[in-house]
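Colleague: I am new to this structure and would like to go through it with you. Could you put it up, please?

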Amino acid sequence: MAVELAALKADLGITDDRDDDGLQTQLDAALSFAHEVRADLNWDSDPDSELPAPTATHELGVIRLAGRWWTRRRSPDGLVQSNELGSSRIPSVDPDIERMLGIGRYRGPVFA
């Protein structure tokens with residue numbers, strides 16, 4: 001599965017290319033993380049693999065995770081400032097992303 005930078009930029013509503021290097025870094029890290037935590041999926045589209053292919057939901061989960069990390073880079077303490085609203089908290093865990101990727105509390109039982 002190849003998640004493209006253009007998909008991340010579209011999801012974030014970014015139209016310029018000044019942050020492409022940073023966005024690509026976040027996307028690569030999110031995809032690597034998904035590979036690690038969901039090793040039970042055929043992320044590389046290997047035709048000889050018996051593992052199931054990731055779904056569109058998994059792909060969107062990777063995109064949203066990269067976007068979340070991109071936003072949190074400005075808020076290591078979990079707070080962002082807004083002129084209109086003051087400070088807002090950005091939680092470190094997003095249940096929607098966990099649900100999309102099937103990780104965290106949404107991960108089914110795993111037998112070794």
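Colleague: To begin, is G13 buried or exposed?

Modeller: G13 counts as exposed, at 58% relative accessibility; exposed means over 50% relative accessible area, buried under 20%, and partly exposed in between, with a 1.4 Å probe and protein chains only. Please note that this is a predicted model, in which local features need pLDDT of at least 70 and side-chain atom pairs count only at pLDDT 80 or more, while totals for chains, interfaces and linings use all residues. Residues are numbered from 1 along each chain as its sequence is written, and side-chain values use heavy atoms, with hydrogens and water left out.

Colleague: Where does G13 lie?

Modeller: G13 is in the loop between helix 1 (5-12) and helix 2. Helices (H or I, at least four residues) and strands (E, at least two) are DSSP runs, numbered from the N terminus.

Colleague: And which residues of helix 1 meet helix 3?

Modeller: A7, L8, D11 and L12 of helix 1 meet L60, I63, R64, A66, G67 and W70 of helix 3, where contact means heavy atoms within 4.5 Å. By class, this contact has seven nonpolar, one polar and two charged residues. Ala, Val, Leu, Ile, Met, Phe, Trp, Tyr, Cys and Pro count as nonpolar, Asp, Glu, Lys and Arg as charged, and the others, Gly among them, as polar.

Colleague: At what angle do the axes of helix 1 and helix 3 cross?

Modeller: They cross at roughly 65° and come within 10 Å. The axes are lines fitted to C-alpha atoms, for helices over the stretch in contact, and angles run from 0 to 180 degrees between N-to-C directions.

Colleague: Moving on, is R38 buried or exposed?

Modeller: R38 is buried, with a relative accessible area of 11%. This residue belongs to the loop between helix 2 (20-37) and helix 3 (56-72).

Colleague: What does its side chain reach?

Modeller: The side chain of R38 reaches the backbone oxygen of L101 at 2.7 Å. Beyond its neighbours within four places in sequence, R38 is in contact with W43, H58, L101, G102, I103 and R107.

Colleague: What about N42, buried or exposed?

Modeller: N42 is buried, with a relative accessible area of 10%, and is found in the loop between helix 2 and helix 3. Not counting residues up to four places away in sequence, N42 touches S49, L51, P52, A53 and P54.

Conventions
A polar contact is a pair of N or O atoms within 3.5 Å; within protein, one must be able to donate a hydrogen and the other to accept it, and residues adjacent in sequence count only if both atoms are side-chain atoms.
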